[in-house]
Amino acid sequence: MSDETGQTAAQHLMLAQAHRHLQNGNAAVTVELVRRLLTTDPELAQGHALLALALLAQKRLHAADYEAGLALQLDPEMAMAHLALGHIRLGQRRLKEAEEEMKAALALEPDEIAAYLSLSSLYRFMGRRAEALELLEKALALDPSSSSTMADLSTHYLSVGQLARAKSHAQNALEAEPEHVDALVAMGSVLLAQGDPKGAREHAIWALTHQPSHSGALHLLATVKARESLLLGLWWRYNSWVTRLGSGRQILVLLGAYLAYRVADLAVRDSGSATSAQILEYAWLAIVVYTWVGPGLFQRSLAREMDSVRLKTTF
Amino acid sequence: MGRVGTYQIPDEPTPGPFARFSVQPFWPLLATMLGGVWIGWPWFVLNGWLIGSATRRRELALVVGGFVVSAAFIVGLLALSESVIPVKALPYVALLGVAWKLGVSYRVQVDQERSFSLYRYFGGSSMSGMLPVAAGLLLRASVIGLFPKQPEELRVFLIWVLL
């Protein structure tokens, strides 16, 4: 028997289970559960929307885009699908379209906290902090006990340098839900900003015990480690910057750096300074080797950290 | 892979019967850098088909386009080298062609890496590409030796396009 959305009770249950797995950071399990659902019913719009979110969590943007598109074809008024597409567009750095989709989701479900938080994080990314704060305050008014909202408020105040407020919101979030992963990461970030890397590390590890693949917690732990080692820190800062660019621009940056090196090398040789050219070549080799071994060293360092608290090392 | 009869997600690879001979896309990239595009680019195409890469047609188009633009570039460079481009500037201009080949190689590697990661995630096996890379590096000089010595322009054209 189907409800008004056309779902049977079994489908509803399985979707709820898949959604819970996604919220706990198990995107791979969500993908397999939804795959089973879609094998028997390929026209299950909510299945495609949830699959889009799970694929997005796995950074499979192209497939997520396709699935979100399918969901909207089947049900153009599904807020979850618009929200998923908004996040996908953010991942593709198509910010105006991301804003349109998230606003559409909000218009369809004005009481959906996730829509407020998504649009707020988009505005924070775009530097529109006042609008981001306004949305967070609306979300908090809708649900004063939402740890996710309080964690986001902490992140917002941290980004504008108001550490006391950031800490207060993180503490409130943790009092409501002591194991809320985003709140743990928010508190850890505040502690790091206050010059307490030990506290920051503890909160990052605590978050990772609940969700080993939580990107915010991994980022926080990596930032703490980067401050301990100048060499790894340099690589981490470079990697964080380059990752934000997207793959196309990353390639352009690499090619630009290579061309700059080759032009400099040719020019120095043309000027007759073979020694300087050799120094330049060794410096380039050192940079290449450094960027080559940096990721491996960093991951090993993180894996040792996580081994010490008996966590999964695959991430 | 055990995915027959289940819902297929668009970016998932559809490996063929010889997928076990595939390699991580890093190896064809390294072969391109050390041996030349004559080994690296066809290897990319082959690897894509072996793992059933979701973007194998785009990878093929990139490689074909890569060869076509490389050929056009060297033809243009040879035609303009004495009249428009000063001899001293030639090495600098030639760098653009090198950058083009590297750019195509990186792009194909990034695209293929996504499908390869999924292929491995679903239990696919692959082999090391060290031997073909070493072979490419060692055979590079022999490949140049195969090209006719005259006319000089043809030799330069072939060396440029294939290495």
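Trainee: What should I know before I start?
Mentor: It's a predicted model, where local features need pLDDT of at least 70 and side-chain atom pairs count only at pLDDT 80 or more, while totals for chains, interfaces and linings use all residues. Residues are numbered from 1 along each chain, chains are lettered from A and ligands numbered from 1 in the order written, and side-chain values use heavy atoms, leaving out hydrogens and water.

Trainee: OK, how many residues of chain A are in contact with chain B?
Mentor: 27 residues of chain A touch 25 of chain B, contact being heavy atoms within 4.5 Å.

Trainee: And what area is buried between them?
Mentor: About 2,200 Å², with carbon and sulfur atoms giving 70%; that's the accessible area (1.4 Å probe) that two parts lose on being put together, summed over both. Arg35(A), Arg60(A) and Ile251(A) supply 27% of what chain A buries against chain B, more than any other three residues.

Trainee: What does Arg60(A) form a salt bridge with?
Mentor: Asp11(B), with the closest N and O atoms 2.7 Å apart. The rule, a side-chain nitrogen of Lys or Arg within 4 Å of a carboxyl oxygen of Asp or Glu, finds three salt bridges across this interface.

Trainee: Switching topic, where is Lys59(A)?
Mentor: In the loop between helix 3 (45–57) and helix 4 (61–74) of chain A; helices are DSSP runs (H or I, at least four residues), numbered from the N terminus. Phi of Lys59(A) is near 65°, a positive value in a residue other than glycine.

Trainee: Buried or exposed?
Mentor: Lys59(A) counts as exposed because its relative accessibility is 67%, and exposed means over 50% relative accessible area (1.4 Å probe, protein chains only).

Methods: Helices (H or I, at least four residues) and strands (E, at least two) are DSSP runs, numbered from the N terminus. Buried means under 20% relative accessible area, exposed over 50%, partly exposed in between (1.4 Å probe, protein chains only).
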